[in-house]
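Welcome! Have a look at it first, and then follow the points below.

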Amino acid sequence: MATETVLATALSNGGGKGCCKSGPGYASPLAAMSGPREKLIYVTALYSGTGREQPDYLATVDVDPSSPTYSSVIHRLKMPYIGDELHHTGWNSCSSCHGDASADRRFLVLPGLISGRIYAIDTKTNPKAPSLYKVIEPKEIAEKTGLAFPHTSHCLASGDMLVSCLGDKEGNAKGNGFLLLDSDFNVKSRWDKPGHGPLFGYDFWYQPRFKTMISTSWGAPKAFSKGFDLQHVADGLYGSHLHIYKWPEGEMKQIIDLGNTGLLPLEIRFLHDPSKDTGYVGSALSSNMIRFFKNSDDTWSHEIVISVKPLKVENWILPEMPGLITDFLISLDDRFFYFVNWLHGDIRQYNIEDPKNPVLTGQIWVGGLLQKGSPVKAIGEDGKTYQFDVPKIKGKSLRAGPQMIQLSLDGKRLYATNSLFSAWDRQFYPELMDKGSHIIQIDVDTEKGGLTINPDFFVDFGDEPDGPALAHEMRYPGGDCTSDIWI
């Protein structure tokens, strides 16, 4: 296909290095660290699943400390339909197109996980007030590709966009795969070759210099969309696999079964340095951070580098509570990674200068089921119960647990939301339905390590005009460490 030809050409030319510098993004991850400080963040905000018959929207949040509207929502772009379940976002063009003077980071790709629609949002005409450019209807996607439940999107050096889809229109995992869109958001085809669809879908990341893309596994939409049921894991409706693809051809080369130590492997990131053949994946249910790496024979292997031990608890649905690692990211200099434990309530910082041996350098509790005042308590080895201190910000108690995170380009500020997925929010943190989400900001010590809450930043989605809303993924207008890939 055309995508393969263009990408192969880009690879043979050194990934566009040395070409025109007027393309989007930055020439390298280290160059990105010297980019301008963030002033805006785009955040997906939901009413889907809350019981409020309102459309989801894209919120523009002011994060400029010198602005009079700092730490507030300054614009809301409502979607034209109800029930989308906006979730993850990506760009039409990013640093993978840096050498292409004709490329333009203009459109935010905004899939509706449940509705199956994909919105193209114009963020360049007025960055503070994005507008709707185009809607790709689920019927067209299903008719042309058989795919539904779109999730993660990444831009390609060719100008196309790749979107992971988690199932077919009936909610079965079988038939999930990858949707290829052209530069004007027309449906082109499936990217994965016939018979090479993953067992389950979720996230993916590609590393062109090693001609590899790796995707992860959540579960069957008909299972996870109803809330989490542990029996569904035993019934085989959730995944524990990494899928290794030949890039850019879309041919599956290998499947890695992570087993019980890698249940629900969600977010995946290669190191940002495109010459590195290693990265990490966060296993949510098993609560392990897993490193994957390339072998000398061109196969891939994995090892557990961090295990978050489940805590013995009382007054909860199970006798033990996993941390539930639902998001993580890597700083652009590949020195630190950060991950969240959505149920336990902490955010952690690790030094990964030795990728095989991460070292804990910071940890902070910013919510969770075990904060003081909660009916749920952890039980220590001595049989005594305990809970964690969670500070208030601007007089407001922190709700739910840290979920999606985003890091500033210079690595000094970490932002966190607290909504995972509406059906799971309702199940584990029902107070979010009545009180809504929030965004907090954490100051990061990039010298010695360490995390400190910024007491002056708190965006309360409980105060939204149409009622409390759920806030999920965050994006900077100029790209960030979870959107941009270097070739």
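In this predicted model, the side chains of Glu303 and Arg291 meet in a salt bridge, with N and O 2.8 Å apart. Glu303 belongs to strand S19 (residues 300-307) and Arg291 to strand S18 (residues 288-294), so the pair links parts of the chain that are 12 residues apart.

**Salt bridges and charge**

- Asp410 forms a salt bridge with Arg413, and their closest N and O atoms are 3.4 Å apart. Here Asp410 is partly exposed at 26%, whereas Arg413 counts as buried at 7%.
- Salt bridges can also build a network, and one such network links Asp203, Glu267, Arg269 and Asp327.
- On the surface, a patch of positive charge gathers Lys193, Lys211, Lys246 and Lys253. Of these, Lys253 sits in strand S15 (residues 251-257) and is partly exposed, with a relative accessible area of 40%.

**Aromatic side chains**

- A search of the whole structure finds 34 aromatic pairs. One of them is the tilted pair of Trp191 and Trp247, whose centres are 5.3 Å apart and whose planes make an angle of 40 degrees.
- Trp191 lies in the loop between strand S11 (187-190) and strand S12 (204-207), and Trp247 in the loop between strand S14 (241-246) and S15, so this pair links distant parts of the chain, 56 residues apart. Trp191 is buried, at 1% relative accessible area, and Trp247 counts as buried at 1% as well.
- Trp342 and Phe428 make an edge-to-face pair, 6.1 Å centre to centre with 75 degrees between the planes. Trp342 is in the loop between strand S23 (336-341) and strand S24 (346-351) and Phe428 is in helix H6 (residues 422-428), so the pair ties together parts 86 residues apart in sequence.
- Trp342 is buried, with a relative accessible area of 0%, and Phe428 counts as buried at 11%.
- One aromatic cluster is formed by Tyr202, Trp218, Phe224, Phe228, Tyr238, Phe421 and Trp424.

**Backbone details**

- Most residues other than glycine have a negative phi, and most peptide bonds are trans.
- Trp247 is joined to Pro248 by a cis peptide bond, with omega about 5 degrees. Pro248 lies in the loop between S14 and S15.
- Ser71, in the loop between strand S2 (57-62) and strand S3 (72-78), has a positive phi near 65 degrees. Ser71 counts as buried, at 9% relative accessibility.
- Lys394 also has a positive phi, near 55 degrees, and is found in the loop between strand S27 (385-386) and strand S28 (405-407). Buried or exposed, which is Lys394? At 52% relative accessibility, Lys394 counts as exposed.

Technical notes: Residues are numbered from 1 along each chain as its sequence is written. This is a predicted model: local features need pLDDT of at least 70, side-chain atom pairs count only at pLDDT 80 or more; totals for chains, interfaces and linings use all residues. Side-chain values use heavy atoms; hydrogens and water are left out. Patches are made of residues with over 30% relative accessible area and no salt bridge: like charges are joined within 9 Å, nonpolar side chains (Val, Leu, Ile, Met, Phe, Trp, Tyr) within 5 Å. Accessible areas come from the Shrake-Rupley method with a 1.4 Å probe; for residues, only the protein chains shown count as cover. A salt bridge is a side-chain nitrogen of Lys or Arg within 4 Å of a carboxyl oxygen of Asp or Glu. Lys and Arg count as positive and Asp and Glu as negative; His and the chain ends are not counted. The place of a charge is taken as NZ of Lys, CZ of Arg, CG of Asp or CD of Glu. Helices (H or I, at least four residues) and strands (E, at least two) are DSSP runs, numbered from the N terminus. Buried means under 20% relative accessible area, exposed over 50%, partly exposed in between (1.4 Å probe, protein chains only). Rings of Phe, Tyr and Trp (its six-membered ring) pair if their centres lie within 6.5 Å; planes under 30 degrees apart count as stacked, over 60 as edge-to-face and the rest as tilted.
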